[in-house]
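Visitor: I am new to this one. Could you walk me through how to read it?

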Amino acid sequence: MKKRPLSVLILAAGKGTRMKSDTAKVLHPVLGRPMLSYALDLARSVGADRKAVVVGHMAEEVTSFLPEKEFETVSQTKQLGTGHAVRQAGALLAGKRDVLVLSGDTPLLTVKTLRRLIASHRRTGAAVSILTTVVDDPRGYGRILRGPKRRIEAIREEKDATPAERAVGEINTGTYCFDGPFLAGALGRLRRNNSQGEYYLTDVVALAVDAGLAVNGLLTKDADEALGINSRAELARAGEILRHRKLRALMESGVTVVDPATTWVEPQVRVGADTTLLPMTTLEGETRIGRKCRLGPMVRVRSSSIGGSVLVTDSCVIESSKVADHCRIGPFTHLRPGSELARGVKVGNFVEVKGSRIGKGSKAGHLSYIGNAAVGEGVNIGAGTITCNYDGVKKWRTVIEDGVFVGSNTELVAPVRIGRGALVGAGSTITRDVPPGTLALSRAPQEHKKGIAARYLRRKSKHS
Ligand code: UD1
Ligand code: CA
């Protein structure tokens, strides 16, 4: 049988009053990603031919977050309820098609469950299929009311429910699959005769029952999936559940997480097997970590790629950088955006690198700033070496060719080039290019004045 086309509609127009925020609720991050991006991912995963987001409250902010070509926007200028929101989608519901409705505020829902819902909807040919679950504390959710033979008869919102109805533990997750033509017709028949004066999408269920159409409920056992975020406390809870999910997945794939309670790994991060994450490690954004690495404690990596067998020790920060295999970083190293370390590089205590490439096997062990530099292979950068890359107006480049030895406490005033195999004496201020194989020395010559120290000390002791 040919599958019917599918529209996905994400509801994201609501006020999110309970968040008490100037930011749209669906843009608040959960485990480092805006809540809405989870719904967008779900929408992408179900083979829909049309995908739309209903925007209203803070529409501009929400719309600017959407990938333009991929998602249509439907505008709901007045927030008159979830039923009203879906009604605005008009053409997206028309014709013989299935319509999947997702809430922008339910980021824990999984693709697996969503696919099960669609499959069960298609199998049963129901007018409405609802994803439900049973929770310990159903407060705030719509209750699933079942009649004889456990058939779903209606969804009752908390605020409209009788005490007996409130005692029901099975709730509406806010995820549904509808028969398009039925939905389009039913939306026109919704009334606002409820305690909130809104058009409830959930009332469509009773309309289907009245019309003698089939209503299908799919119960998911994992109640966490249903967590709708309405408050900051729920935001934190959802983040915590997602964090543990991610850590569990990593551990199952062969990553050692020494202390799951203090390890933060965002959803898109990938970590290779046999890598160990020590306590308080934070991996953010699009970060890739290879196999057999050891990171932490207290290491933060953001939007970076790290090869295999890399050691990143205590208290390092790595941002938008690339690190090849077998590098050793830290403790207390900061790789700022645009840093690239080739294989086997060592950067150590209090070294800051920015917008620079450091070649194979080179070392900067202590207290250095390497900015806008190209450092060759086998280079040794002495303690306290600084590239003076900024003249107050512009940034300039420093080039250090292969095999150079830079003595400690050297300033390299850019633009400047240190030729292959050159040697820079400790304490030098280098302002001109150094030819290959040359020793450059620019510190003030040392003078010795015989007997002066003894005389000075004698005089000092007389006065005391
Ligand atoms: C809704 C359901 C409830 C369910 C719960 C699951 C209704 C009437 N109730 O309640 O049965 O248990 O979700 O989390 O549907 N929205 C709009 N326009 C509006 C109002 C809301 O786009 O006019 C959007 C919101 O941005 C949100 C979603 O719809 O993403 C759900 O709205 P919300 O106000 O959070 O509904 P709940 O009270 O949680
Ligand atoms: Ca909600």
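**Charged pairs and a pocket**

Guide: Start with Arg-417, which is partly exposed at 38% relative accessibility. Buried means under 20% relative accessible area, exposed over 50%, and partly exposed in between (1.4 Å probe, protein chains only). This is a predicted model, where local features need pLDDT of at least 70, side-chain atom pairs count only at pLDDT 80 or more, and totals for chains, interfaces and linings use all residues. Residues are numbered from 1 along each chain as its sequence is written, chains are lettered from A and ligands numbered from 1 in the order in which they are written, and side-chain values use heavy atoms, with hydrogens and water left out.

Visitor: Which side chain does Arg-417 meet in a salt bridge?

Guide: First the general idea. Side chains of opposite charge can pair when their charged atoms come close. A salt bridge is a side-chain nitrogen of Lys or Arg within 4 Å of a carboxyl oxygen of Asp or Glu. Here, Arg-417 meets Glu-401, at 2.6 Å from N to O. This pair links distant parts of the chain, 16 residues apart: Glu-401 is in the loop between strand E35 (398-400) and strand E36 (405-406), and Arg-417 is in strand E38 (residues 416-418). Helices (H or I, at least four residues) and strands (E, at least two) are DSSP runs, numbered from the N terminus. Glu-401 is partly exposed too, at 22%.

Visitor: How many salt bridges are there by this rule?

Guide: The count is 23. One joins Arg-243 and Glu-240, at 3.0 Å from N to O. Both sit in helix H8 (residues 232-252), three residues apart, about one turn of the helix. Arg-243 is buried at 6%, whereas Glu-240 is partly exposed at 37%.

Visitor: Which residues are linked in a network of salt bridges?

Guide: Arg-4, Asp-98, Arg-122 and Asp-179.

Visitor: How do I read the largest pocket, and what space lies in it?

Guide: Picture a 1 Å grid over the protein atoms alone. A pocket is an open set of points where a 1.4 Å probe fits, with protein on both sides within 12 Å along at least five of seven lines; lining residues have an atom within 4 Å of a point. Grid points are joined across faces, edges and corners, and a volume is the space filled by probe spheres set on the points. Here the largest pocket holds about 1200 Å³. It has 40 lining residues, and Arg-18, Lys-25, Thr-82, Asp-105 and Asn-230 are the closest to its centre.

Visitor: Which element gives the largest share of the lining?

Guide: E10, with four residues.
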